[in-house]
Amino acid sequence: MDDLRDKYLSAIAEARDEATLEALRLQAVGKKGEISLKMRELGKMTPEERQVAGPALNALKGEVGAALAAKKAALADAALEERLRAEWLDVTLPARPRRQGTIHPVSQVTEEVTAIFADMGFAVAEGPQIETDWYNFDALNIPGHHPARAEMDTFYTHRAEGDDRPPHVLRTHTSPVQIRYMEQHGAPCRIIAPGRVYRADYDQTHTPMFHQVEGLAIDRDISMANLKWVLEEFFSAYFGAKVKTRFRASHFPFTEPSAEVDIQCSFEGGTVKVGEGDDWLEVLGSGMVHPKVLEAGGIDPAKWQGFAFGMGIDRIAMLKYGIPDLRAFFESDLRWLRHYGFAALDVPAVHSGV
Ligand code: DAH
């Protein structure tokens, strides 16, 4: 009995895994285990012998069983320990570096412009980039023979052979959104319409696709004075300083009277600085919406009046962020994008206070 005890207790102590332990359990106390067989022999013993051997065998069985259970628990603990050690991970380590994309200056400036005009109660409207010539020209009081039509360097779409309807155009300005908005919403209204426009032109300051933002405010008694205030307010907020403006009489078919607006700047030292110096830079066209344009939008010019303006977004982006060449905006050069782009969470804006 002592031999059996020594044999199993030391084997159990040395077991390194659960499989070995299970084999030992079967070998000792399984159905055909050594101790089980010994217990079966009790029946053949004399009552006297059984009285000694019975309790001793039971005690041995209990002792081996307890040793098996204790070892099993110890092995499970060790396995868990090992797993925790192997799967340990330092959550305080910095993340692996990954190149972040940047916000394109055009997107950034569109956001800034939208936020500033939203502050003044302007909603944002949109229109299609492929327009009918009616929305792009006629409704804006630019008839077929008008020189402005030729001056716009328009891209025309192709019509099928024999289809002699006038072709659609890639909109040459955001002004058609004025008509679409008036048709849908009537007066009064106060909107800006930022978006892409297209003209067949290419040099340092012109690209075939560029961005404009249109403005339109219609009410009973809106005047040029309101236009001037809104634009001055806009430029000061956008450039972050008081910017002088100059309104020059001009002509657009869709406004009467019309004005081109310049902002104060200096060209000293080869760079443009807005808000200082004695030079002027033209940044937008504007005026009082022509009665014919109101009519085209379904609004009665005897009851309503308002102002409109159209401004180049790329232009004011170049001015604010010192970007010299417009063409680079659309070349998708990653080095340029990283240099002039904005971090997604760190963008200057009126509402972010940066
Ligand atoms: N549509 C004009 C252009 O692209 C800009 C413009 C001028 C828009 C005067 C207006 C405006 O709304 O009133 O050159």
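**Exercise 1. How closely do the axes of helix H5 (residues 105-119) and H11 come, and at what angle do they cross?** Then decide how the two helices are oriented.

*Solution.* Keep in mind that you are looking at a predicted model.
- Step 1: the axes of H5 and H11 come within 9 Å, and the crossing angle is roughly 95 degrees.
- Step 2: angles of 65 to 115 degrees count as roughly perpendicular, so H5 and H11 are roughly perpendicular to each other.
- Step 3: find the residues in contact. H5 brings Val-106, Gln-108, Val-109, Thr-110, Glu-112 and Val-113, while H11 brings Ile-313, Asp-314, Ile-316, Ala-317, Lys-320 and Tyr-321.
- Step 4: sort these residues by class, which gives seven nonpolar, two polar and three charged.

**Exercise 2. Work out the orientation of helix H1 (residues 2-14) and helix H4 (residues 47-86).**

*Solution.* 
- Step 1: the axes of H1 and H4 cross at roughly 5 degrees and come within 10 Å.
- Step 2: an angle under 35 degrees counts as roughly parallel, and H1 and H4 are therefore roughly parallel to each other.
- Step 3: on the H1 side, look for Leu-4, Arg-5, Tyr-8, Leu-9, Ile-12 and Ala-13. On the H4 side, look for Leu-60, Glu-63, Val-64, Ala-67, Leu-68 and Lys-71.
- Step 4: this contact holds nine nonpolar, no polar and three charged residues.

**Exercise 3. Locate the two domains and state how far apart their C-alpha centres lie.**

*Solution.* 
- Step 1: domain 1 covers 2-86 and domain 2 covers 104-352.
- Step 2: their C-alpha centres lie 90 Å apart.

**Exercise 4. Find the backbone features at Pro-188, Pro-257 and Asp-153.**

*Solution.* 
- Step 1: recall that most residues other than glycine have a negative phi, and most peptide bonds are trans.
- Step 2: the bond from Ala-187 to Pro-188 is cis, with omega near 0 degrees. Pro-188 sits in the loop between helix H8 (176-185) and strand E4 (189-198).
- Step 3: the bond from Glu-256 to Pro-257 is also cis, with omega near -5 degrees; Pro-257 lies in strand E7.
- Step 4: Asp-153 has a positive phi, near 50 degrees, and belongs to the loop between H7 and strand E3 (169-170).

Methods: Residues are numbered from 1 along each chain as its sequence is written. This is a predicted model: local features need pLDDT of at least 70, side-chain atom pairs count only at pLDDT 80 or more; totals for chains, interfaces and linings use all residues. Side-chain values use heavy atoms; hydrogens and water are left out. Domain bounds come from an automatic or database domain assignment. Axes are lines fitted to C-alpha atoms, for helices over the stretch in contact, and angles run from 0 to 180 degrees between N-to-C directions. Helices (H or I, at least four residues) and strands (E, at least two) are DSSP runs, numbered from the N terminus. Angles under 35 degrees count as roughly parallel, over 145 as roughly antiparallel, 65 to 115 as roughly perpendicular and the rest as oblique. Contact means heavy atoms within 4.5 Å. Ala, Val, Leu, Ile, Met, Phe, Trp, Tyr, Cys and Pro count as nonpolar, Asp, Glu, Lys and Arg as charged, and the others, Gly among them, as polar.
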